[in-house]
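This report goes through a two-chain model, one chain at a time. Overall build comes before local detail.

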Amino acid sequence: MSKPPQDRFIGGKQSYESIDRKIGRVVLDQKSHPPIWLITFAMAFLLVQVLGGAVLWLLYKGVGIWGINQPAGWGFDIINFVWWIGIGHAGTLISAVLLLMRQQWRNSINRFAEAMTIFAVMCAGMYPLLHTGRPWVAYWLMPIGPNTLGMWPQFRSPLVWDVFAVSTYMTVSALFWFVGLIPDFATLRDRAKNKIVQVVFGMLAMGWRGSVRHWLRYETAYLILAGLSTPLVLSVHSIVSFDFAVSIVPGWHTTIFPPYFVAGAIYAGFAMVLTLAIPMRAWYKLKDFITDKHIDWMAKVMLATGLIVFYGYILEVFFGWYSGNTYEIAMIKNRMTGPYAPFYWSLITCNGIVPQLLWIPKVRRCYPAIFVISQFVTIGMWLERFIIIPVSLHRDFLPSSWGMYIPSFWDIAMFVGTIGFFIMMMFLFVRFLPMINIFEMKELWQRQQQAEHADHADVGAGPVPAHDAAGAGHDKENAQ
Amino acid sequence: MSHAPAAPKPHGLVAEFLGPGALIEAAKKTRAAGYKKIDAYSPFPVHGLAEAVEFEDPRLQWLIFIGGVVGALVGLGLQAWVSVVDYPVNVGGKPMLSLPAFVPVLFECTVLAASFAAVFGMLGLNGLPRPHHPVFSVPGFDRASQDRFFLVVEAVDPQYDSHETADFLQSLGAESVHEVEDEE
């Protein structure tokens, strides 16, 4: 069962040692970082200062500095909350759903994507907290009671479900990520030459020794966490969509929202993974691990989820017409021809039309093209939330209460600031933690070797001694 | 440790192998030779190794299940108690115990508790965090997390004999065999 080389998930000539070295080097040899790291980090750090300024001014003045008004009480804050949390979902999809489906190609991108999830959820979490206007009493959202007012949260409200969903999601994602890192911390502890680095990774590894007893429980825990995360990620974006769908606002009150939101989240998330993976694998010479095949498959997933999302747009229009409801029809007309019509048509272009280029195999092999298409998708998914939120709100039932929504300078400053925060965290992650799962790559490599040379099970561990032949016979059975 | 003048108590014999196949084979032969207290170390999970050392532990699965059940009960109990007993609010004439509306929070509580049970159960049953372990003093054991595979026969095994067991492990094709001392 030998596979042709272009079908492999790990390219080049590798050994256990070379996998450790190539991935570990990025963390252990701090001099190996290209100057682009510092340039990007510095720019992102500047944007974080913008975020700090925007948040401070918000805390001082209140949410009035934003563009939100009556009737559009939700604006950039909720658009960006939904956008960021959607971006995070690809991380869980890659790490959990693909693990359950035994898609081993995920092994080289899951760590990276999980980190993306955590940082994206951090960005997302800032928005509703600050939107409350008084984030210092954010604990009122939790059922810690009776608090000073003697009140409890209203458990029939989707906004309370959201608090539970997002905080559970953040916690479980962080746990899943940390558990995945433990064996790699041990590898880095054992490879580090510097005493301080050894101690830090030693503490993080918590004494991991790779005993068969450890591994058995570890794999059980990891698999069950994946099994728990899979419905969790679906529930989170479904619950986010309930924030809208449970209300009666035209444009929000549709049953298609949960699946359409989940597909959109995966779509945006894969676009972000590609946006980050394409430059990273070039800068850090990791093309053997994040292969051309990975990029090709991610582009295909993006195309598939993009079609689901596009189907959602078409259905929305159909529902509006088929409902026969004056307000629904008016909402669709307003989207297509109203004051925000350019946004609607840009959304259709970015999310519906441009990604169709990915049908062409040549485009999927052209990395600048995929990178640009990913940007279109990222912008398109942002526009989708813009269309759903303020565009639905600004003209609802009574023409006398119609208005317009125009974001303020501070809305934009905070949005740009969270982008800076996300990039800064990703760059710190790449520098100080292994961005590819080392032990899973070694396991995958060993299986790939087994499949390719069924008669040399232990090839690559060094010269194969004669007495290993017995062991190889056993592995041959396994490989079938 | 070193200040004890008497002969230190051994922890066991540690044999080093080059690959996962060799380790599984050696583990099987060691079991077949009648050794019971054995352990194996590898840089990544090796499938078939747990069977080879005849180790299984169903406790973690049950712990996670119990965690999930407790989370579900707490989630449901909290919502029901708050909504019916402590702070009843009439929302559009819906029943106080409006179960369908409680499903999302109930589900999140289940997942959260089960996940905590999975992570802390795994660490707890594995005895982690544990800063030191006797096997860490084996020369070259730092490669157990990189590219070498180790089989340990513990000294508590009734068949254990420093010389005979060492010879036996050597005969399995080990790269090296070391005896390690136990901690105090």
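## Chain A: overall build

Chain A holds 17 helices and zero strands. Helices here are DSSP runs of H or I with at least four residues, strands are runs of E with at least two, and both are numbered from the N terminus. The model is predicted: local features need pLDDT of at least 70, side-chain atom pairs count only at pLDDT 80 or more, and totals for chains, interfaces and linings use all residues. Residues are numbered from 1 along each chain as its sequence is written, chains are lettered from A and ligands numbered from 1 in the order written, and side-chain values use heavy atoms, without hydrogens and water.

The C-alpha atoms fill a box of roughly 90 × 50 × 45 Å along the principal axes.

Of the 480 residues in chain A, 60% are buried. Buried means under 20% relative accessible area, exposed over 50%, and partly exposed in between, with a 1.4 Å probe and protein chains only. Among contacts in chain A with a separation of 6 or more, 80% join residues 24 or more positions apart; a contact means heavy atoms within 4.5 Å.

Chain A exposes about 19,000 Å², and carbon and sulfur atoms supply 70% of that area. Areas come from the Shrake-Rupley method with a 1.4 Å probe; for residues, only the protein chains shown count as cover. There are 36 positive and 27 negative side chains in chain A, and the centres of the two sets lie 4 Å apart. Lys and Arg count as positive, Asp and Glu as negative; His and the chain ends are left out. Each charge is placed at NZ of Lys, CZ of Arg, CG of Asp or CD of Glu.

## Chain A: backbone exceptions

Most residues other than glycine have a negative phi, and most peptide bonds are trans. A cis bond joins A:Gln70 and A:Pro71, with omega about 10°. A:Pro71 sits in the loop between helix 2 (35-61) and helix 3 (76-100).

A:Met206 has a positive phi, near 60°. Its loop runs between helix 6 (195-205) and helix 7 (212-245). A:Met206 is buried, at 13% relative accessible area.

## Chain B: overall build

Chain B has five helices and four strands. Their order along the sequence is β-α-β-α-α-α-β-α-β. Its radius of gyration is 25 Å, well over the 16 Å that the globule rule gives for 184 residues, so chain B is more spread out than a compact globule. The C-alpha trace spans about 80 × 40 × 30 Å along its principal axes.

Buried residues make up 48% of the 184 in chain B. Chain B carries 11 positive and 22 negative charges, whose mean positions are 6 Å apart.

Strand 2 runs antiparallel to strand 3 (residues 149-154), joined by four bridges. Strands pair if DSSP finds at least two bridges between them. B:Tyr41 has B:Phe150 of strand 3 as its bridge partner.

The peptide bond from B:Leu128 to B:Pro129 is cis, with omega near -5°. B:Pro129 lies in the loop between helix 4 (99-125) and strand 3 of chain B.

Key: Rg over C-alpha atoms; globule rule 2.2 N^0.38 Å.
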